[in-house]
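Keep the viewer open as you read.

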Amino acid sequence: MGSSAASGRPPQQAPHSETQDKGTKKGFVPPMTPRPLLIQGSSGSGVLRPVSEIPFKFRSVFSEFPFFNYVQSKALDDVLYTNKNFVACAPTGSGKTVLFELAIIRLLMETPEPWRDVKAVYMAPIKALCSQCFESWKKKFGPLGLTCKELTGDTEIDDFFEIQDSHIILTTPEKWDSMTRKWKDNCLLQLVRLFLIDEVHVVKDATRGATLEVVVSRMKAVHTFRTSQYPEASLSMRVVAVSATIPNVSDIADWLSNENGPATYLDMDESYRPVKLRKVVLGFPCGSNQTEFKFDLSLNYKMANIIQTYSEQKPALVFCSTRKGTQQSAAVLAKDARFIMSIEHKQRLMKYANSILDSKLRDLVALGVGYHHAGVDLSDRKLIEEAFTLGDLPVLFTTRTLSMGVNLPAHLVVIKSTMQYVAGSCQEYSEADLLQMIGRAGRPQFDTSATAVIMTKIQTREKYLKLMNGIEVIESSLHSHLVEHLNAEIVLQTISDVKMALDWIRSTFLYIRALKNPTHYGFSADLDRCGIEAKLQELCLKNLNSLSSVGLISMDEDITIKPTEAGRLMARYCIAFDTMKQFSKVSGTENLSDLIELLSKSREFSDIQLRVNEKRSLNALNRDKNRVTIRYPIDGKIKTSEMKVNCLIQAQLSSIPVQDFGLTQDTAKIFRIGMRISRCLSEFLSQRVKAGFSAVLNSLILAKCFRAKLWENSPFVSKQLEKIGQTLSTAMVHAGLTTFSKIEQTNARELELILNRHPPFGNQIRESVIHLPKYEVTVEQLPRYSSATAEVVLKVSLKNQSQLLTRRAAQDHHYVSVVIGDADNNVVFLQKLTDVLLLKGGSWSKKIDVPKAMKGDGISVHLISSEYVGLDIEQKFTVYYSPARRFGTENPHNTTQGTRRPQSVLKPLSTNQAATLEENGTSVGEEGSRSFDLGNKRHCNHFCKNKAFCAHDCCKVGVTVTRKRSANQETSFTSYLKDPRSRCDTFAPTPVKRLKMKMAEESVSLSMQKFAYKPKEMLPPPSWNKENLCKASVRPQSGTDLASEAQIPDVESLNDLDGGSSVWMTTDMSVGSQDSQQDLNQVNTTSTVYSKSSTAVPEQAALCKNTSSLQIPTVNFDLGNEWDDWGDFDDDNLMHASEPALTSYTTAQPQIQQCGENRTPG
C-alpha cells in the first residue's frame, strides 16, 4: 500500500532516464495551485480533498502530495473529525496507510502537549509492513516529537521497558499477543488510545488469523476494563482498521463495535483502485496421476507465452511456490525467450551480473531474467531488487515472501500454480497471500493499468475467479486454534468458568460469523442464537477438558477454572498445546540428546521444510569420516523436517560452519524460536513435583546452550565475548585458549598476536573476561548423622566480587541455577541465584536435608549459568549416613494399641563382672543389651571411629525411640495418677562419664566423693536400711532434663564395701500404703513409654526387703499424644525422683541409676 495519492501529477520517469545529457537534468515543477481531480466511481463522483485542510502544524506529514486521493477523501471526515471506530475496505494500492496517519493526527489534535502518555499501536500481519511504516513514520512524526518503536520477532518476552517512552508502537499480532498476555500487570498497555489494524482481512488466515482475532478482542477487553475502572477519566480507545476488498465488511464493523454501537465503515470496490487492475485466471489441465510437482513443472513451459501476451514490454513479477521452482522457471524462460534490449540496457545488466556472487544467477541476469528468494545471498538480493526497481531486469521469479517483505511493484504479476509445499504436504495459498501477491501489480508512479494472472488447475479456476473479484466471504479461524488462546485468557483471569468463556467468545469475530453461517463451523443450519451459543459453549468445554488432561488448568466440580504453573508457562512463552503435551511426557531420565530430539518435534518448527537440495549438506553434517560432525549423530539419513531441525541445532552448537545460505537462515529461525521453547521446558520441569534430576539438569543446560549457541563443554567459549566471531574464536582454540581462565592468564600482547589485531584489542578481551562472574561452590556436612537423612550446608560465593562491583560484563538479569541430585535421580535442591543477590553479600548459603538414596550416598552439585558457557561448576560429594544398623524392628511405632511389648529385665552385674567385660573390650552396656529386648532402640547419630571405646554410651546401646501414645488413651491428670507404681520400671539409667570409664580401664582407685551431688538442706533426710544392699550393673545413659522449677537430688557417691572402684548409687524410695506394707525397691528399666501395668522384678525384690519408705505422691503432667524427641541425647528416658512427704514437684529428673549399699547418712 502506497501513501501517494492519485493526484494530477504526471508520472515520473525512471531514475536512470532522468539525465538526458551529461550535466543536464530534466526536473518537474508542480503548479502553484493544485487542480482538483474528478474521479468517477460506482457510487457517483467526488472531489478530492486538499492537504491544506490539515492544521499547519501537521501538514508536513503529507508533504509528498497536494491532494488526498478519492478513497482518502471519502474517509477524511470520519477519520479526522470524529472519534468513532472506523473500518475502511478498499483495493490494494489505494493509499490506505494515509488513513492511519490521519487517525494519529486526530489523536494529537485532541490531546494537549506534551504528548507524554499518548500511545498508538499499529499492528500488521507481516514484519516487512511494520518495517516500512516504521521507516516512513520515523521521518514524518519524528519532527513532531513522537517516538516510534518497532516490536517484532519473538527474541525477548518482556519488552515493556521498550515501549515506555514510545508514542507509536509498530508490531505484529504474534508479538502483541505475547505483550498483552500480562496487560493487567502493566499500566502502559492501558494507556493505548489508538489501535490501528492493517490488513484486517487476514483474520481468515488458517494459521495467523486466530491470533489477530484474539488480540483485537483482548484490546476491546482492555478498553472495557479501563472505562469501568475510571469512568470519570473518559479515556477511550479508538480502533481504526483497513482491509482489502471483502464482501462482508459489515461483519468486521460489528466485531469492532464499542459501547456506542458498531464501527463506521467505508466500502470501496475495485473501480476506485488508482491503477486499474486487469485480473486473469487461466486453468490448465492436470491428469489424475499427475503430481503437484509435475503440474508445476509443466507450467514453466507456458510462461514465455503468458509474459509475451500480458507484459506489454514492462517489468513482470512471477511468484513460484518453492525456491527451487524459481530457479527452474528462470532457467526455462531464459532458454525459451529472448528479450529485445538496447546496447545500453545490456551493458547495465552485465554490470549487475559481474557483481553477483551466485554463478547461476549471474548467467541468467545477463539474459534479462533473475530469481529472488530467502536462500539467495543478501548482497545478491539487494542487487536484484535494485535492478528490478529501476526497470533494468525485465522478468523476476520469486517466492511469496517477497510479496510480504519487499515492495517491488510490477506491471504484470503472474502466480504460477496456486499450491505450495508446507510442512511436508501441498496446500493452497491462503487468500491473504494471494491478495498480497496480486497487490504487487500496478506501479502508481509509472502505470495507469496493470495485469494479474493466476495459473491454476482447470478444476479450481471458478474458485479463484470468485476470489479475484472479492466475492469470497471472510470467516473466522479461531475455532481451530481455540485451545491455546483459551489458556491465555484463563491465565489472564478473563475466564474463570464456562459462562465467562462464553462471554469471551461473544467478543470475537467467531461469534458474529457463527450466528450468520453456522454450517462453516460444524453447527446445524436450523439452530437459533441460543442453540449456537450452546454449541460454542460445548466447544469451549471440550478444549478446557483438553487443557485439564495435560495439567495446564485445574477444574473443580463447579467447573471453576484456575490456571496451573504449567499453564502460566505455556501462556507466557506462547507455546503450542501440542508442544506442551510433548513436555508432559518427559520421564525424568532424559539426557541432552533426548531433549534436543524432543524439542525438534515442537509444533513451532512445523513450517521448517526439508528441501531436496539440502539433504546432501545435512547428511554430511550428520555422518562424515572426513570432517567434523555433530555431537549426537542421527540414525540413518536425514528424511524429515524434525531430523533437519535436530541436525541444524547440533551443528550450530558445535560451531560447524554451514555453507548453504538457506540452511543458515533456517538455523537463525530455529534458534530464535528454540530459545523460548527450551527456556519454557527447563522451567516446566523445574516446577514439576517428581521431575527427574537428569531431565531437569539437562534442560537447564540446553536452555543455556540455545542462548549461547554453544555446547556446555565447547572449547569456543571466546565466541561469547564482544568483538569475537567464529574466525577469531577458532584462532584462539588453535592456540589452546579454550577456557576463560586461560584467556585471563594470557598476556594481552600475546592475544593480539594470536588474533592478528592491534593494541589495545588484547586488553579489551582480557577486561571482558576478568569482569565475568567467577563462582565458587562449597559443600559441607553437618555433624548430625542419621541413617535416613543428612544435613549439608551449600555455599555459593563470588570469587571476584571486588572486580564486579566496578564493572560487569554479564547482563543485569544474569543468574545461575544451583541444582543438586542424588543417586536415585531425584532433585534434592534447586534454586536460582541472581548476580545482584550474590554481589550484595558476596556469598549465599543454605542448609539442605539430603534423604538417603537407595543406589548410593553420592550427590551431584551443579551450578549452571543462564547465559554463559564456561562458567558452570560440577562437584561430586559423598554424604555420610550412620550405618543402617537397627535396634529391633524397622518401625517401633507399629505396636498394637493397648498392648505392650514384653521386656526382659537387665540382670545386675557385680563390679568384678563389669570389669572383666571391659577388659575383654566389651562395654557393660553392650553385654547387658544382648539380654535385653531392643525393639524400641535406634542407632545414635554420633560419628565415632571406634564405638567400643568412645565416651558415648548411646553408641553402644542405642537411643530410645519414642512411641506414639494411642489416640483414645486417657490423658487426664486423674487417669495419669491411677497407678504410680506401674511407672517405676520405665526409666533407663543415665550415662557414665568418660572419667569413670577410664578409671575402670586403668583400675585406678579414686575417691568420687568430691563429685557427689549434695542434697539440699531443706529436704528431710530419709530413713535408710543398712541391710538392704542392691548391686546392679553400671549402665550409663545420657539424658537432659525437661525445664523444671525444682529438682530432687537422689544420687549419692559411695565407696564400694570391698574398697574397690567407686560406683554410682541411686536411692529409690518406694511408697508404702496403709493397706500394704510391702517393700518395693525396684531397679528402673529403660522403657520410655508410660505403662499401666508394672513389670515384676523378682530378683531385685529379693535383694531389697527391709527398705523403709514414706508415702509420697508422685506428680507428673500429661505431655500430650506424642513424646518429644530431642535428638541424640536420649532425652526421653525420664525418671521420677522420689520426693518427701507433703511436698510435690511437677517435673522429673533423668537419673543415673544403680542399686548400691543403702546407708544412713552420718
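A crossing is called right-handed if the near helix is turned clockwise from the far one by less than a right angle, and left-handed if it is turned anticlockwise. With that in hand, H23 passes H25 in a right-handed crossing. On the H23 side, the residues making the contact are Ile596, Glu597 and Ser600. Their partners on H25 are Glu642, Val645, Asn646, Ile649 and Gln650. Please bear in mind throughout that this is a predicted model.

**The chain as a whole**

The chain holds 39 helices and 32 strands. It has 1162 residues, and 51% of them count as buried. If you take the contacts between residues at least 6 apart in sequence, 72% join residues at least 24 apart.

| Helix pair | Angle | Axes |
|---|---|---|
| H23 (residues 592-600) and H25 (residues 641-653) | about 130° | 8 Å apart |
| H19 (residues 509-516) and H20 (residues 529-549) | about 135° | 10 Å apart |
| H2 (residues 97-109) and H3 (residues 127-141) | roughly 40° | within 13 Å |

Which hand does the crossing of H19 and H20 have? It is right-handed. H19 contributes Leu510, Tyr511, Ala514 and Leu515 to the contact, while H20 brings Arg529, Ile532, Glu533 and Leu536.

For H2 and H3, the crossing angle is roughly 40°. Roughly parallel would call for an angle under 35 degrees, so H2 and H3 are oblique to each other as well. H2 passes H3 in a right-handed crossing. Here Thr97, Phe100, Glu101, Ile104 and Ile105 of H2 meet Cys133, Trp137, Lys140 and Phe141 of H3.

**Helix H10 and its cap**

H10 covers residues 323-336, which is 14 residues. From first C-alpha to last, H10 reaches 20 Å, close to the 20 Å expected at 1.5 Å a residue. What caps the N-terminal end of H10? Thr322 does, with a side-chain oxygen 2.9 Å from the backbone nitrogen of Gly325. Gly325 is also one of the buried residues of H10, which include Arg323, Thr326, Ser329 and Ala330. Further along the helix, Val332, Leu333 and Ala334 are buried too.

Glu744 sits in helix H29 (residues 740-745). Because its relative accessible area is 22%, Glu744 is partly exposed. Setting aside residues up to four places away in sequence, Glu744 touches Arg766, Val769, Ile770 and Lys774. How far is Glu744 from Asn763 in space? They are 9.9 Å apart, C-alpha to C-alpha, and 19 residues apart in sequence.

Technical notes:
Residues numbered from 1 in each chain as written. Predicted model: local features only at pLDDT ≥ 70, side-chain atom pairs only at ≥ 80, totals over all residues. Heavy atoms only, no water. Helix = DSSP H or I, 4+ residues; strand = E, 2+ residues; numbered from the N terminus. Expected span 1.5 Å × (residues − 1). Buried < 20%, exposed > 50% of the residue type's maximum accessible area, 1.4 Å probe, protein only. Polar contact = N/O pair within 3.5 Å; in protein donor to acceptor, adjacent residues only side chain to side chain. Axes fitted to C-alpha atoms, helices over the stretch in contact; angles between N-to-C directions. Contact = heavy atoms within 4.5 Å. Parallel < 35°, antiparallel > 145°, perpendicular 65-115°, else oblique.
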